[in-house]
2 protein chains.
Amino acid sequence: MIDGTNKSLSRNSSPIGAGGLAFVTVQCPATVANLVCGFDILGMALTEPCDIMKLKLINDPKVIITNKDVYNLPTEAERNVAGVVLLSIMEKMDNQFGFEVEIEKHIKPGSGLGSSAASAAGAAVAANHLLGNIFSTDELVQFAMNGEKLASGVKHADNITPCILGGVTLIRSIHPLDIIKLNAPALFVTVVHPQIEVKTSDARQILRKEVLLKDAIKQWGNIAGLVAGFEKGDTDLIGRSLEDVIIEPVRSILIPGFDEIKTKSKEAGALGGGISGSGPSIFMLSKEESTAKDVELIMKEIFTRLGIEFKTYVTTINKSGVEVMKDVRGTM
Amino acid sequence: MIDGTNKSLSRNSSPIGAGGLAFVTVQCPATVANLVCGFDILGMALTEPCDIMKLKLINDPKVIITNKDVYNLPTEAERNVAGVVLLSIMEKMDNQFGFEVEIEKHIKPGSGLGSSAASAAGAAVAANHLLGNIFSTDELVQFAMNGEKLASGVKHADNITPCILGGVTLIRSIHPLDIIKLNAPALFVTVVHPQIEVKTSDARQILRKEVLLKDAIKQWGNIAGLVAGFEKGDTDLIGRSLEDVIIEPVRSILIPGFDEIKTKSKEAGALGGGISGSGPSIFMLSKEESTAKDVELIMKEIFTRLGIEFKTYVTTINKSGVEVMKDVRGTM
C-alpha cells in the first residue's frame, strides 16, 4: 500500500471550483504489462511513446472530450476511457463540477503498450492535480481502473500502476489493492509494434484456465528472480528470469516473427524480453544503448521480410510516471 | 548462480590424503522450506535447532557412520543421507580416500525442519572443508541433493540451499541450478513441532497436479511481494505476502490446530507464517522477541489442549549456514 499522493507538485493548487478555469497538461507514458513472467502483477513505464492530455475544470457537471489525433476514439464520456475515469471522480465529488479534456494519443490503441491505461491514468492524475492532490495513489489507481474496465472488460491495474508511479511496479493484490514500487535499474528498452491486431479479450481467452503445478513453480521461480534482480540491480539475474512457461508459449503464436526476434535479440546481447502486455508489441531489455539499437535493426529486418508494417522505439524506463507539464490558470 | 566457495575458512587446509587424519566439526542448521507462498523455491535457515557432525578423512575409500543420537538412522553409507553425499564426493575424486562421520542429530527426522538437508549439507560442507574448499557452492548443493533424493525421492534444494548459505535463499531454477541469496531482515522465528507424522511423499501426493491460473496469479503476486519485502527489509510487506492459496489449504488439513495457531499468532502480532516444508512443524515470524514468545505460548496452549506432544523453539534467522566449529588435525 503506497499512501499519500504521488503527484504533489501543487499541493497549493486551487481547490474545486476556484474560478473553474485551471487547466493542466500531462504526459502519459506507454507501459509494458506482465514483464514476461509477471502475468497480471508486474508492469514498467516507458519514456517513449507517450500521450499528451490537457484537462480543464469546468463548472458544468459533464465531460467534454476532444480528440487531437487520428484514432477516432469515442467522444461520449461514457464510451471514452478518460471519460469514464473523470465521471467516476466527479461522482465521488458529488458532481460539483465537470471537465473539458483534449487528448493527443501517440500510443496506438491495441498496440499492447498500455494506450488505454495512459488515458485512464493521465485523466486521474491530471484531475487530482487540478483538485489539489486530494486523492492517494491507491485511489487514483481505483479511479483509473474504471477506464481499463471499459477498454478490456477487466479492472486490471498492471498498466495503470506503472503509468502513474513510473518505473517498475508490482501489484501484489488487487483485492485489497497492494501496490509496490520496485527498484528499476537504468536499462534500455527496444520496442516493436507490428501493425497487426491482437485484442486483449482474445489474448486472454486463449489462455487455459488451469496450469500445471510444475509450470507454476517454474513461473514463480522466475518471478521471484526477476523481483530480486530489480531490487538488487542485478541485470544478469533480470535476464535469466525473463522466461515465461505459461502465457508466452500460447500468446506468441498470435505474433508472427516472435520466436526469431527473441532468439536473435538475445544473441545480439539483449538481456531478454517478450510480449508487451497481451501484444502484439514486443519489448527487449538491454544494458547498453548500442545493443538496444542492434535489437531495433533485428526487429526491422524481420518485420520487413514478413511484409508486416511496424513501428519501433529505442527508449528507457520512465522513472516518473504521468508528469504534469504546465499548470496555467486560464482558458485552454 | 553463486560462484566460488562459500565456506573458505581454511583455504590452507591439508589437501587430500595429507596424513589422512584431519577432522572437522560442523553445525548444521534446521531450515524452513517454502516460506508459505514460495513452494519449492524459497527457504530460510534457523539458529535453532541444529545438528552436530564430525567428519574425518581416512585412507580407505569407504564411509564409516556412527550415530550419536536416539533416532536409529541407518549406518550403511548407501542408506544414510550423509553417507550418499560423501559417496558422491568420493566418486567425483576417484575414490582416493574415504570418510568417518559422527552424527549427532537434534533436528528430528520427519519434523519438516530440514533434518535430511542438515545431514546432506553438513556432510558436503564438512568434506569440502577437509579437501581445501575445492568445490563451489553450486557443486556442494548438487552433492547434497543426492541426500535429499535418498530421503524423499526428489532432488530438491529448498532446504539444502539455505542450510549451506544461511539466511533466506531463492532457487530460481533447478535445471540449470540458479540460487540467489536474498536479504534477510532480523526477525524472530517461533517454531512448533507437533509429534505427529507427515511424510514428505504423502504431503506431496495430496497436491493437485493442476492449479487454477487465477490462483497461480495470486500466488506469484505474493511471492513477488515476499521477495520485495525481504530485499527492501519491509517487514509489513513480508507479513502481507505470507499467504498461500495453493499448497497450504490442502496440506494444513494434515496438521491439527493449524488454522487456530495461525489466526491467534497473527492476532498476537506475528507477521505471519505457515507450514514448515511439508510439515508437521509450523513457523511464525515476528518483529519482536516478546511477540515470538507470546506466539510460543499460543502454540503450547493449543497442542496441550489437543493432547498432542510437541516441541517449540523461539529462535532467529541463521545468517551463516553450516558452520565449521573446529578444525583439529588429529584423531577423532
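These legends describe close-up views of a predicted model. Residues are numbered from 1 along each chain as its sequence is written, while chains are lettered from A and ligands numbered from 1 in the order in which they are written. In this predicted model, local features need pLDDT of at least 70, side-chain atom pairs count only at pLDDT 80 or more, and totals for chains, interfaces and linings use all residues.

**View 1. Helix 2 of chain B crosses helix 3 of chain B.** Helix 2 spans residues 115-130 and helix 3 spans residues 137-152. Helices are DSSP runs (H or I, at least four residues), and strands are too (E, at least two); both are numbered from the N terminus. The two axes come within 8 Å and cross at roughly 145 degrees. Axes are lines fitted to C-alpha atoms, for helices over the stretch in contact; angles run from 0 to 180 degrees between N-to-C directions.

**View 2. Residues of helix 2 of chain B meet residues of helix 3 of chain B.** Helix 2 brings residues including Ala117(B), Ala121(B) and Val125(B). Among those of helix 3 are Leu140(B), Phe143(B) and Gly147(B). By class, this contact has nine nonpolar, four polar and one charged residues. Ala, Val, Leu, Ile, Met, Phe, Trp, Tyr, Cys and Pro count as nonpolar; Asp, Glu, Lys and Arg as charged; the others, Gly among them, as polar.

**View 3. Domain 1 of chain A touches domain 2 of chain A.** Domain 1 covers 23-182 + 318-326, and domain 2 covers 188-316. These bounds come from an automatic or database domain assignment. Their C-alpha centres lie 24 Å apart. In all, 24 residues of domain 1 are in contact with 34 of domain 2 (C-beta atoms, placed from the backbone, within 7 Å). Strand 2 of chain A gives the most to the domain 1 side, with four residues.

Definitions and conventions: Contact = placed C-beta atoms within 7 Å.
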